[in-house]
Amino acid sequence: MDEIRQQFLSDLGKANTPKELEEVRVRYLGRKGTITTLLKNTDFSQLTPDQRREFGQKVNDLKRFAEAEVSRAIEAAKARAAASGATAGVAGLDWSLPGTDHRVGCIHPIALVQMELEDVFHSMGFMVLTGYEVELEYYNFDALNIPADHPARDMQDTYWLTNGMLLRTHTSANQVRALERFGAPLRAIFPGRCFRYEAIDASHENTFYQLEGLMVDRDISVANLIAVMKALLSRIFHREVTIRLRPGFFPFVEPGFELDVQCLICGGSGCGTCKGGGWIELIPCGLVHPRVLEFGHIDTSKYSGFAFGLGLTRMAMMKYAIPDIRLMNSGDIRFYEQFPAAV
């Protein structure tokens with residue numbers, strides 16, 4: 001086999017064209033080739049079982065080596081032929097110039113999560129609607145059953161503008177707008193940017209992204225809400241996640257819940273992102289308060305619904321194990337380059 005290997009390399013080195021290389025391949029690897037017939041022409045009765053095993057392994061190694069070398073030589077010959085044809089007659093071609101940059105662009109991790117979520121909700125019959133980042137007080141608070149003395153109206157939470165409008169504090173501001181426009185039944189999601197006047201740390205930002213969801217129809221219950229949430233989480237994380245549902249208060253839902261997910265960065269053991277608790281608040285949700293449906297001119301004797309708010313920023317952190325929310329708006333190209341667009 002050593003002699004065959006040396007002769008093979010000698011013949012391969014003398015072949016320059018694809019045709020000559022193919023002749024070498026057939027001579028050694030064809031049906032009647034030298035390497036192919038090694039096993040057929042060997043008298044195994046003269047070998048012990050261990051020797052037969054070792055011999056067969058060496059033959060297979062030789063065959064794989066020859067196949068790889070032939071493939072490499074053929075590709076090299078094709079490349080030489082293509083380069084020769086492409087540069088024929090080109091005067092003054094400088095081969096030292098750098099090649100064309102074929103780097104692929106990047107997509108922000110929040111945008112990646114949003115696109116994936118939109119696909120998931122499209123498959124469940126939800127519309128994707130947009131809203132206004134500068135919103136009226138009526139749609140951001142009043143129509144969501146948030147009275148004037150609610151803490152959410154405090155200046156520590158809301159960016160108020162001099163004209164009396166505000167930067168929306170949640171995408172829930174789209175609920176009544178959608179009900180007024182489309183009526184019931186309705187399935188819709190509202191992804192977008194929100195703003196809150198609060199301190200910035202590893203898990204909080206004053207500019208973040210949410211995705212509000214709303215489903216209004218006949219006989220909607222908590223069971224429908226849980227089913228949609230389970231389907232959503234299994235699709236977006238592509239694995240089983242540990243969740244918990246605990247009571248929560250939001251003026252625009254009754255009853256209200258907080259859906260928490262076990263921190264996927266530390267596995268629940270506690271880290272800076274989950275503030276040592278092992279859980280991340282991910283999806284506030286609940287059944288739509290009848291007063292909100294009335295603001296949207298929906299007959300509450302016939303229709304009910306559920307609503308939920310996904311933190312797109314926090315979901316991106318969980319999905320891609322991003323430990324600090326401040327990286328999202330950092331403008332650091334090194335961070336974004338870790339999320340290349342698909343080719």
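In the predicted model described here, helix α4 (residues 109-123) packs against helix α7 (residues 222-237) at an angle of about 135°, and their axes lie 10 Å apart. The angle makes α4 oblique to α7, a term kept for angles that are not under 35 degrees (roughly parallel), over 145 (roughly antiparallel) or 65 to 115 (roughly perpendicular). Axes are lines fitted to C-alpha atoms, for helices over the stretch in contact, with angles from 0 to 180 degrees taken between N-to-C directions. Helices (H or I, at least four residues) and strands (E, at least two) are DSSP runs, numbered from the N terminus.

Because this is a predicted model, local features need pLDDT of at least 70 and side-chain atom pairs count only at pLDDT 80 or more, while totals for chains, interfaces and linings use all residues. Residues are numbered from 1 along each chain as its sequence is written, and side-chain values use heavy atoms, with hydrogens and water left out.

Three strands form an open sheet in the order β2-β4-β3, with antiparallel pairing. The edges are held by β2 (134-135) and β3 (159-160), each of which has a single partner strand, so one side of each is left without a neighbour in the sheet. Pairing requires that DSSP finds at least two bridges between two strands, and β3 pairs with strand β4 (residues 166-167) in the antiparallel sense over two bridges. Within this arrangement, Trp-160 stands opposite Leu-166 in β4.

Rolling a probe the size of a water molecule over the atoms shows where empty space is left. A pocket is an open set of points, on a 1 Å grid over the protein atoms alone with a 1.4 Å probe, that has protein on both sides within 12 Å along at least five of seven lines; its lining residues have an atom within 4 Å of a point. The largest pocket has a volume of about 970 Å³, a volume being the space filled by probe spheres set on the points. Its lining comprises 40 residues, of which Arg-196, Gln-210, Glu-281, Pro-284 and Arg-314 are the closest to the centre. Two or more lining residues come from each of β6 (207-217), β9 (279-288), β10 (304-311) and α9 (312-319), and the largest share, six residues, belongs to β9. By class, this lining holds 21 nonpolar, 11 polar and eight charged residues, where Ala, Val, Leu, Ile, Met, Phe, Trp, Tyr, Cys and Pro count as nonpolar, Asp, Glu, Lys and Arg as charged, and the others, Gly among them, as polar.

The second largest pocket contains about 170 Å³ of space. Helix α6 (residues 174-182) gives the most to its lining, with five residues, and the lining as a whole includes Tyr-132, Arg-177 and Phe-190.

Most residues other than glycine have a negative phi, and most peptide bonds are trans. A cis peptide bond, with omega about 0°, joins Ala-184 and Pro-185, and Pro-185 lies in the loop between α6 and β5 (186-195). Another cis bond, also with omega about 0°, joins Glu-254 and Pro-255, the latter being placed in strand β8 (residues 253-262). Asn-145, although not a glycine, has a positive phi of about 65° and is found in the loop between α5 (137-140) and β3.
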